[in-house]
Amino acid sequence: MRVLILGGDGYIGWPTAMHLSAAGHEVTVADNYLRRRLMLQTDNEALFPVPTLDERARLWEAHSGHRVEVRIGDLQDWSVMAALFEEVRPDTVIHYAEQPSAPYSMIDRASADLTLKNNLGVTFNVIHAMREFAPDAHLVKLGTMGEYGTPNIDIEEGWIEIEHKGRSDRFLFPRAAGSLYHTTKVLDTDLLWFYVRAWGLRVTDLMQGPVYGLETEENAGEPRLYSFLNYDEVFGTVLNRFMVQAVAGYPLTVYGKGGQTRGYLHMRDALQCVRLAVETPAAGGELRVFNQFVETFSVNDLAERVRASGARLGLDVGVRTLPNPRKEMEEHYYNPAHTGLLELGLHPTPLTGEEMDRMMKVVRTYRDRIEPDRIFRGVSWTGSAPSAGAEDR
Ligand code: USQ
């Protein structure tokens, strides 16, 4: 298939490009380096520098023999999006081209404005480019499990049958996002659902949980082909952060009670899921939704696993409870369905002790690059600095 990856420079974007090109697809990636710029501007650079997209494509071709085409441009600009679609005429479009951080979206008015305009603007342009240049293409859109929030009922896979006053119908499962970033993903889903109904687009919306890890089949043992590993509070996801904190001797930053539970998955499984979605497209006029995660953990569970792995590797890992800078439930029911991708053939990678140790060892090779000042600055959901009250456990 001809696959166009929008946001191909990101944490999952670049690994997806390698994975799909290794599987024999013709891959073009597009990106405007937004994430790199925001990391620089906010002094939240990743654990090690990564090559530019053009360099990555050259390294990947030398390593594997597979080519990835690279285009640099801002997809919020209609002329850039239109030219890209006209050139590539994709069978599949993977849309990752969004500002990906919840904390970034909560820093101030300007960061919120950028998140809202970029995320919705790109989604809107993708929809119109599909109609104009690739009406039969399949759009695989990265959403987030955070669209649902943490309701006190089981979370279904995208849709719910509701019976009301003796009649019933099928609706999108109710959404209640926990940050402006997550809210843009809810709005994306609504936009897509409208245009699926209006124009018969073919769409898969992937509700993905937090991803961890670096090594995939394609880049194992090739650090220059690794993705960004962010450990800062803004762009780092929690398990990646905890592993870096453990290696740095920085007590693990558990926010609030630590009972916040989410559905997690290894990078390798995120790639499997995307490939399964690409290779078994949704039907025309269908908005197909998958909940994309493998296992649920609370923040406390993750801290415990990192502490145990640290002990095996001779690290003394402390845990510190910090006043929660976010607005979220710290103890709650959480039981989301996630059978769709398993039915398509996903082979999950559980977070075993062995897997934890393997990831920690990779992180340990970069110990000297860790900048502890980046780990916690207290980006608050309410705009006020978090009050004192950290507690070591
Ligand atoms: N957390 C801590 N300590 C930390 C960092 C995070 O206790 O040092 C807690 C957070 O409060 C939250 C949980 O860990 O309850 C997950 O936080 P996260 O930063 O790993 O994930 P989140 O901000 O929700 O966002 C990440 C990705 C985002 C993706 C989302 C999936 O950055 O792109 O959409 O995971 S989900 O969480 O399912 O919405």
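How many helices and strands does the secondary structure of the protein chain come to? In this predicted model, the tally is 12 helices and 15 strands. The protein chain has a radius of gyration of 20 Å, close to the 21 Å that the globule rule gives for 393 residues, so it is as compact as a globular protein of that length. Taken along the principal axes, the box filled by the C-alpha atoms comes out at roughly 65 × 55 × 40 Å. Buried residues account for 50% of the 393 residues. As for contacts with a separation of 6 or more, 82% of them link residues 24 or more positions apart.

Next up is the ligand. There are 21 residues around the ligand, and those that come nearest are Thr144, Met145, Gly146, Tyr255 and Gln260. Sorted by class, the shell holds 8 nonpolar, 9 polar and 4 charged residues. Two elements, α8 (238–248) and β10 (252–255), each supply at least two residues of that shell. The largest share, 3 residues, belongs to β10.

That makes β10 a handy way into the sheet it sits in. The sheet is open and built from 3 strands in the order β10-β14-β15, with mixed pairing. β10 and β15 (391–392) are the edge strands, each pairing on one side only. Between β10 and β14 (residues 319–322) there are 4 bridges, and the two strands run parallel. Lying across both β10 and β14 is helix α10 (residues 299–312), which runs at about 165° to β10.

Strand β11 (residues 261–266) is a mostly covered one, with 6 of its 6 residues buried. Thr261, Gly263 and Leu265 point one way from the strand, while Arg262, Tyr264 and His266 point the other way, and all are buried.

Since 9 of its 10 residues are buried, α1 is largely enclosed by the rest of the structure. The buried set consists of Gly13, Trp14, Pro15, Thr16, Ala17, Met18, His19, Leu20 and Ser21. What do these residues of α1 pack against? The list runs to β1 (2–6), β2 (26–31), α3 (53–64), β3, β4 (92–95) and α9 (267–279). After α1 comes Gly24, which has a positive phi, near 100°.

One of the strands packed against α1 is β3, and β3 (residues 68–72) is where Glu69 is found. Is Glu69 buried or partly exposed? Glu69 has 16 C-beta neighbours inside 10 Å, so it counts as partly exposed. From Glu69 to Val244 there are 175 residues in sequence and 33 Å in space, C-alpha to C-alpha.

How values were computed. Residues are numbered from 1 along each chain as its sequence is written. This is a predicted model: local features need pLDDT of at least 70, side-chain atom pairs count only at pLDDT 80 or more; totals for chains, interfaces and linings use all residues. The radius of gyration is taken over C-alpha atoms; the globule rule is 2.2 Å times the number of residues to the power 0.38. A residue is buried if 20 or more other C-beta atoms lie within 10 Å of its own, exposed if 12 or fewer, and partly exposed in between; C-beta atoms are placed from the backbone. Two residues are in contact if their C-beta atoms, placed from the backbone, lie within 7 Å. A residue is near a molecule or strand if its C-beta atom, placed from the backbone, lies within 6 Å of it. Ala, Val, Leu, Ile, Met, Phe, Trp, Tyr, Cys and Pro count as nonpolar, Asp, Glu, Lys and Arg as charged, and the others, Gly among them, as polar. Two strands pair if DSSP finds at least two bridges between them. Axes are lines fitted to C-alpha atoms, for helices over the stretch in contact, and angles run from 0 to 180 degrees between N-to-C directions.
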